[in-house]
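Trainee: I'm new to this structure and would like to learn how to read its features. Can we walk through it together?

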Amino acid sequence: MTRVAAVDCGTNSIRLLVADADPETGELTDLDRRMTIVRLGQGVDRTGRLAPEALERTFAACREYAGVIRELGATRVRFVATSASRDAENRDEFVRGVVDILGVEPEVITGDQEAEFSFTGATRELSGGDHLEKPYLVVDIGGGSTEFVVGDDHVGAARSVDIGCVRLTERHLVHDGKVTDPPAHEQVAAIRTDIAAALDLAAETVPLDDARTLVGLAGSVTTVAAIALELPEYDSARIHHSRISRARVRQITEWLLSSSHAERAEIPSMHPGRVDVIGAGALVLLSIMERTGAEEVVVSEHDILDGIAWSIA
């Protein structure tokens, strides 16, 4: 048994998993799993740089996580940074801050590496259970990018494309520094155009139509699932491995894109940091389901974090 700590720093959120890993049984036992919305990718699509306030929010979360890791006594730590820090001109400033706080250097991984971790984390416990047909198509809808992976027990093909809930919101729904609420028809159409182009790009590498089971990861997908299940509060146990139909995803997406900030904020399972970006994230999920013909999405709370943990177990 090895006690490990995995940190996943994305465009919208930073997450920590401290777990005991048993490679012989294939079990990962959570000791602490938490998430903080830091919006590291704030403005990076426009400026090409990580904003000072975004860096400070991220470093504050790192200081909190460092305390948890010390308290629980994790012996191996791995910090993986994804889309926003991969794109930014001043990523060295980000790296120095993380090293100072956590004592490990963040690995600014490629999209293909990100996809591999996501696939491992999402599917390791699906094999042999739930009567799900292979191959799987795992989609990890992040803040700045979305990863597509097709595989059976191992990755067959993977591609990362630059569509995500934060990137699409900032690109198409922000006017004079504020999110349009609700967006105009032409704004939604522009997002759909970007998503369609990204799906064409992904399909050049990943045989999207070959998959028999769609597995969805990350906050946009789990939030849509929480809404679909009408949960009185966010409940990971009920969301994990839930199955949401395409019709229900469409209904929720249409409502999110026609609702006000106040209406979305009243959803009991909605994290405050997702209120402005959930519409774009849901539209990415719906577009993927429409493109692939998937009648349902299997929602997984286990994702890149779990894959990172297994990589150091």
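Trainee: How many bridges join strand E4 to E5, and do they run parallel or antiparallel?

Mentor: Strands of a sheet pair through backbone hydrogen bonds, either parallel or antiparallel. Here two bridges join E4 (residues 76-81) to E5, and the strands run parallel. Ala81 stands opposite Val108 in E5. Two strands pair if DSSP finds at least two bridges between them. Helices (H or I, at least four residues) and strands (E, at least two) are DSSP runs, numbered from the N terminus.

A word on the source: this is a predicted model, where local features need pLDDT of at least 70, side-chain atom pairs count only at pLDDT 80 or more, and totals for chains, interfaces and linings use all residues. Residues are numbered from 1 along each chain as its sequence is written, and side-chain values use heavy atoms, with hydrogens and water left out.

Trainee: How many bridges join E1 to E4?

Mentor: Six, and that pair runs parallel. Asp8 stands opposite Val80 in E4.

Trainee: What is the strand order in the open sheet?

Mentor: Its five strands go E3-E2-E1-E4-E5, with mixed pairing. E3 and E5 (107-108) stand at the edges with a single partner strand each, so one side of each has no neighbour in the sheet.

Trainee: Which strands does H13 touch when it packs on the sheet?

Mentor: H13 touches E1 (2-9), E2, E3 and E4, and its direction makes about 140° with that of E1. Contact means heavy atoms within 4.5 Å. Axes are lines fitted to C-alpha atoms, for helices over the stretch in contact, and angles run from 0 to 180 degrees between N-to-C directions.

Trainee: Where does the second largest pocket lie?

Mentor: Domain 1 (2-108) and domain 2 (125-299) both give residues to its lining, so this pocket lies between them. Those bounds come from an automatic or database domain assignment. The space in the second largest pocket is about 360 Å³. Its lining has 19 residues, and nearest the centre are Gln42, Gly43, Arg46, Glu170 and Val174.

Trainee: How many cavities of 30 Å³ or more are there?

Mentor: The count comes to two. The largest cavity has about 80 Å³ of space, and its lining includes Leu173, Asp181, Arg264 and Ala280.

Methods. 1 Å grid on protein atoms, 1.4 Å probe; cavity = no way out; pocket = protein on both sides within 12 Å on 5 of 7 lines; lining within 4 Å. Points joined across faces, edges and corners; volume = space filled by probe spheres on them.
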